Amino acid sequence: MIEFINESKKWGKKKSVVIANQAVNSTLVHLNLDPDKFEIAILACDNEKIQELNSNFRGINKNTNILSWPEKDLSPKVSGTMPMKPEPINREPMFLGNLAISFEFIVKEAKKLNKDFYNHLYHLISHGTLHLLGFVHELELDAKIMENKEREILSKVGIVDPYGN
């Protein structure tokens with residue numbers, strides 16, 4: 001389940017919410033996780049807000065496409081291995097974390113990459129969800145694992161390889 005917080009009037013909320021739900025759910029299902037047992041909050045914002053968040057939380061004073069804040073560190077302890085699997089403790093859904101995504105940035109990025117906006121949104125929400133689940137891409141072995149998961153998830157819904165391989 002997602003909570004979609006629309007902070008920018010530029011987002012087409014209805015379709016964006018549908019795409020976000022589909023991306024989160026397909027990512028969880030692909031990893032054999034029940035979407036009903038997990039929650040994610042998504043802030044749909046503009047470049048100004050994402051730049052502020054990027055500066056405050058990462059010390060990088062520029063805008064970006066998506067940011068993630070996992071509730072729990074599930075990342076692998078050894079590079080090239082899978083992250084820990086989240087385990088809900090009780091019957092309540094487990095909160096995985098927060099995502100923030102900038103409308104202007106991904107519109108510009110999609111155009112530059114010659115990609116459909118909603119396919120790009122789907123990819124980025126799936127990418128962010130993987131981060132909340134402990135997937136990382138700082139080291140080459142980890143990046144390969146994460147990118148392969150993204151390719152598998154996106155291919156199931158007919159979205160071409162975002163990495164062009």
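Visitor: What should I know before we start?
Guide: The model is predicted, so local features need pLDDT of at least 70 and side-chain atom pairs count only at pLDDT 80 or more, while totals for chains, interfaces and linings use all residues. Residues are numbered from 1 along each chain as its sequence is written, and side-chain values use heavy atoms, with hydrogens and water left out.

Visitor: Okay, is strand β4 mostly covered or uncovered?
Guide: Mostly covered: seven of the nine residues in β4 (residues 94–102) are buried. Buried means under 20% relative accessible area, exposed is over 50%, and partly exposed is in between, using a 1.4 Å probe and protein chains only. Strands here are DSSP runs of E, at least two residues, numbered from the N terminus.

Visitor: Which way does β2 run against β4?
Guide: Parallel, over eight bridges; A41 has N98 in β4 as its bridge partner. Two strands pair if DSSP finds at least two bridges between them.

Visitor: And how many bridges join β3 to β4?
Guide: Five, and those two run antiparallel. P70 is bridged to G97 in β4.

Visitor: New topic: which residues form the aromatic cluster?
Guide: F103, F117 and Y118. Rings of Phe, Tyr and Trp (its six-membered ring) pair if their centres lie within 6.5 Å; planes under 30 degrees apart are stacked, over 60 edge-to-face, and the rest tilted.

Visitor: Why is the F117 and Y118 pair edge-to-face?
Guide: Because their planes are at 80°, with the ring centres 4.9 Å apart.

Visitor: Is F117 buried or exposed?
Guide: F117 is buried, at 17% relative accessibility, while Y118 is partly exposed at 23%.

Technical notes:
Helix = DSSP H or I, 4+ residues; strand = E, 2+ residues; numbered from the N terminus.
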